[in-house]
Amino acid sequence: MTREAIDEFRRFQRDKEVNSQLYSKLTVRGKVQVKSSDIQVGDLIIVEKNQRIPSDMVFLRTSEKAGSCFIRTDQLDGETDWKLKVAVSCTQRLPALGDLFSINAYVYAQKPQMDIHSFEGTFTREDSDPPIHESLSIENTLWASTVVASGTVIGVVIYTGKETRSVMNTSNPKNKVGLLDLELNRLTKALFLALVALSVVMVTLQGFVGPWYRNLFRFLLLFSYIIPISLRVNLDMGKAVYGWMMMKDENIPGTVVRTSTIPEELGRLVYLLTDKTGTLTQNEMIFKRLHLGTVSYGADTMDEIQSHVRDSYSQMQSQAGGNNAGSTPPRKAQSSAPKVRKSVSSRIHEAVKAIVLCHNVTPVYESRAGVAGETEFAEADQDFSDENRTYQASSPDEVALVQWTESVGLTLVSRDLTSMQLKTPSGQVLSFCILQLFPFTSESKRMGIIVRDESTAEITFYMKGADVAMSPIVQYNDWLEEECGNMAREGLRTLVVAKKALTEEQYQDFESRYTQAKLSMHDRALKVAAVVESLEREMELLCLTGVEDQLQADVRPTLEMLRNAGIKIWMLTGDKLETATCIAKSSHLVSRTQDIHIFRQVTSRGEAHLELNAFRRKHDCALVISGDSLEVCLKYYEHEFVELACQCPAVVCCRCSPTQKAHIVTLLQQHTGRRTCAIGDGGNDVSMIQAADCGIGIEGKEGKQASLAADFSIRQFRHIGRLLMVHGRNSYKRSAALGQFVMHRGLIISTMQAVFSSVFYFASVPLYQGFLMVGYATIYTMFPVFSLVLDQDVKPEMAMLYPELYKDLTKGRSLSFKTFLIWVLISIYQGGILMYGALVLFESEFVHVVAISFTALILTELLMVALTVRTWHWLMVVAEFLSLGCYVSSLAFLNEYFGIGRVSFGAFLDVAFITTVAFLWKVSAITVVSCLPLYVLKYLRRKLSPPSYCKLAS
């Protein structure tokens with residue numbers, strides 16, 4: 001209790017700290033500081049660079065000239081790249097900040113929703129003529145718990161508190177209770193019933209004489225040792241020891257156990273649900289391959305590309321120098337000449353130029369200390385050789401492409417909403433005007449850009465996208481599909497790049513149709529797409545690029561190990577379907593030989609039914625499904641879908657929202673009743689980690705949110721192998737042995753009491769005095785029994801080498817009603833032998849029954865611990881001898897306790913009697929009879945049906 005209270009108090013302090021952060025609020029009287037907990041809907045809040053946004057806002061204006069800013073959303077959706085947000089143009093155009101109060105305008109926002117990727121609203125300014133209406137979309141919003149990455153922003157608050165997107169996507173954590181604790185609770189209930197039954201039987205045999213109900217309660221008290229009260233204490237101390245061992249393990253440094261109550265869960269897992277970005281992968285993209293159809297360039301031949309690019313630009317410069325008269329005549333000649341097959345050099349040059357122009361990347365210059373921000377930007381145009389240039393984009397793939405073009409000599413040096421500047425190898429700066437930009441969407445799977453070269457006035461439409469989207473658009477060729485397949489098998493993410501030259505007339509025609517489509521009120525998206533598609537025909541295929549998302553260290557062997565251990569792995573990611581499939585292959589989540597069934601996009605009940613039937617016919621194949629389709633399937637066919645998915649060797653869910661991840665975890669728990677484990681590293685994995693039976697967080701680039709919310713926090717994904725195979729196994733096995741032994745300890749003494757009472761005409765007289773009973777449970781047997789937490793059945797190296805051993809644990813055979821009944825029978829047999837033996841052998845000196853039976857009992861317990869132990873540890877030996885020493889010394893001093901009943905019986909125990917040969921041989925005889933048969937049985941069992949780990953150990 002105290003431990004949990006301290007945890008709660010620390011949480012309370014952390015919350016208070018966050019809620020009392022100060023922000024600037026804009027009022028008619030100027031700026032005022034407010035606590036984040038006092039911000040209300042309708043406030044105008046100013047958020048500085050690198051400050052966290054306190055609540056959901058509509059973005060009104062920014063200090064950046066372009067009217068846009070970048071925000072970091074890693075704590076919201078787990079993606080580490082920056083997102084571009086655009087201010088409402090009506091308020092951005094106002095001359096000064098104070099003018100926000102001089103206009104009469106309002107914002108209409110939809111009701112709070114969970115979806116972080118969509119927003120619908122309108123901004124209306126009424127005091128102008130005619131009134132200005134602007135539609136607001138996701139790019140005009142600033143969600144809470146994201147961070148401003150550039151400039152200062154001013155927004156109007158639309159949702160606060162529980163209505164913000166980030167809070168609606170987190171679930172309340174539940175208190176986790178391990179399966180082992182539940183099983184032990186069940187056994188304890190069974191023991192309680194046994195206690196009541198035994199007491200009733202005793203009273204019945206007495207014949208209900210006199211005040212029988214008083215006797216019933218006396219029996220209940222006498223036999224109360226059946227209930228293992230010390231079990232909880234022993235187990236809690238054991239759990240603390242396991243946690244300490246995990247944190248001290250040198251092979252998995254940096255591991256932290258945050259919930260010390262469930263270490264045994266690590267030994268019973270069947271489903272592992274993992275995040276992709278940052279957990280399996282490092283989220284660092286590296287450009288690996290450029291394919292031009294006839295030639296392919298890998299990492300080792302990039303220098304050739306560099307020389308080609310350098311040559312083609314130096315040629316262009318010399319040509320430009322030769323005809324200064326005007327650049328039009330050569331262009332005419334070019335178009336009339338017959339098509340010659342282009343040289344490799346010019347094709348490379350075209351490809352590199354397309355890659356460096358077709359993207360959504362912005363170079364950012366970190367201002368040097370002491371230089372004012374404004375002058376910095378003015379200088380930035382001239383000083384492009386800056387060392388402190390970083391690229392920002394909405395996906396790390398694009399950054400990798402632009403960084404690669406920089407390495408081969410063509411550098412992107414500046415970019416705003418309308419223009420882009422490139423620097424050639426020779427240092428010349430080329431300017432391009434951005435005419436149109438078609439952003440990437442998950443439906444179109446491609447992005448396009450139309451640019452005009454400032455020097456030649458040529459208009460070019462560049463496009464890049466996934467192979468499925470691009471292959472129908474580009475001119476016929478025979479290599480694209482094959483090469484895409486090859487690259488995907490290597491685990492590379494492929495993009496197809498194409499271009500199309502446009503004349504001025506073609507472009508003007510397109511622009512007028514495009515603007516018209518954008519203004520239509522009905523089916524706007526469809527009309528716009530149709531206009532863009534009119535351009536996307538017969539494009540010239542330039543190249544195919546391959547980018548690798550590097551996997552974390554040792555992901556493949558770890559996943560292999562977990563799969564051999566019988567753990568089913570599900571990958572839940574917010575990423576695109578292609579990327580997720582790609583990583584599933586390269587990380588060997590799906591083995592080479594397996595088929596992958598990609599679940600089609602379904603929107604209605606009928607489609608879901610058909611698609612599920614199609615999937616049912618496939619055998620042993622991995623499933624890839626997107627979040628939207630999953631939602632539809634779960635809505636109509638929850639049970640059937642989960643049943644089918646659970647039979648798959650691997651499942652990949654892409655485009656999952658944080659709440660969906662948690663929902664999948666709870667579904668698995670309800671439908672299969674098996675233990676689940678979730679592992680992730682970003683704020684978007686917190687819900688999933690808290691919903692799982694056992695949550696593991698990785699301290700990653702995406703912040704510490706996941707590792708703080710988790711039950712166990714590790715540094716790298718590969719550590720999970722050792723955590724489960726070694727520590728999970730040991731914790732479960734040890735706790736099971738410890739729990740059953742503590743129960744056995746109570747049962748054996750209750751059996752002796754029962755035999756004693758029944759021999760003495762069912763008298764409700766205690767056999768042993770209070771101090772002996774207390775000493776029995778604590779000082780005499782505590783250390784050896786507790787030393788079972790050091791026991792291990794397999795060496796750690798063995799457990800890691802043969803993960804198949806883990807499969808046995810999930811069946812829960814170490815602690816079940818079967819093993820429990822075996823221990824009950826052992827207790828009854830031993831208790832009976834000890835008591836009857838003492839009574840039979842001690843007819844003459846009956847007074848000494850207590851001393852004899854108690855001594856035999858202690859010896860039996862110590863021998864039983866030795867029988868249970870599988871691997872000896874020096875501390876165990878120390879504990880055994882320490883307990884024996886304590887007992888022998890107490891025999892000498894506490895002699896009045898060894899008489900029957902009170903001291904008034906006159907039964908003082910003389911040391912002389914203890915040292916007699918008779919005492920020693922009788923105690924030894926009873927102990928041998930109670931323990932030897934069990935040793936023999938154990939030996940025979942080991943020989944005839946050895947457990948799987950013995951076969952390996954031998």
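1. Tyr887 is buried because its relative accessibility is 2%; buried here means under 20% relative accessible area, exposed over 50% and partly exposed in between, with a 1.4 Å probe and protein chains only. The model is predicted, with local features needing pLDDT of at least 70, side-chain atom pairs counted only at pLDDT 80 or more, and totals for chains, interfaces and linings using all residues. Residues are numbered from 1 along each chain as its sequence is written, and side-chain values use heavy atoms, without hydrogens or water.

2. There are 19 aromatic pairs in the structure. Rings of Phe, Tyr and Trp (its six-membered ring) pair if their centres lie within 6.5 Å; planes under 30 degrees apart are stacked, over 60 edge-to-face, the rest tilted. One of the pairs joins Tyr768 and Phe854, edge-to-face, at 4.9 Å centre to centre and 75° between the planes. Its partners are 86 residues apart: Tyr768 sits in the loop between helix H24 (719-759) and helix H25 (770-780), Phe854 in helix H30 (residues 849-868). Helices (H or I, at least four residues) are DSSP runs numbered from the N terminus.

3. Both Tyr768 and Phe854 are buried. Phe854 also pairs with Tyr887, in a tilted arrangement with 5.8 Å between centres and 45° between planes. Phe854 counts as buried because its relative accessibility is 0%.

4. Elsewhere, Phe438, Phe461, Tyr507, Phe510 and Tyr514 are linked by ring pairs into a cluster.

5. Leu839 belongs to helix H29 (residues 817-841) and is buried, with a relative accessible area of 8%. Its C-alpha atom is 66 Å from that of Lys704, 135 residues away along the chain.

Definitions and conventions. Helix = DSSP H or I, 4+ residues; strand = E, 2+ residues; numbered from the N terminus.
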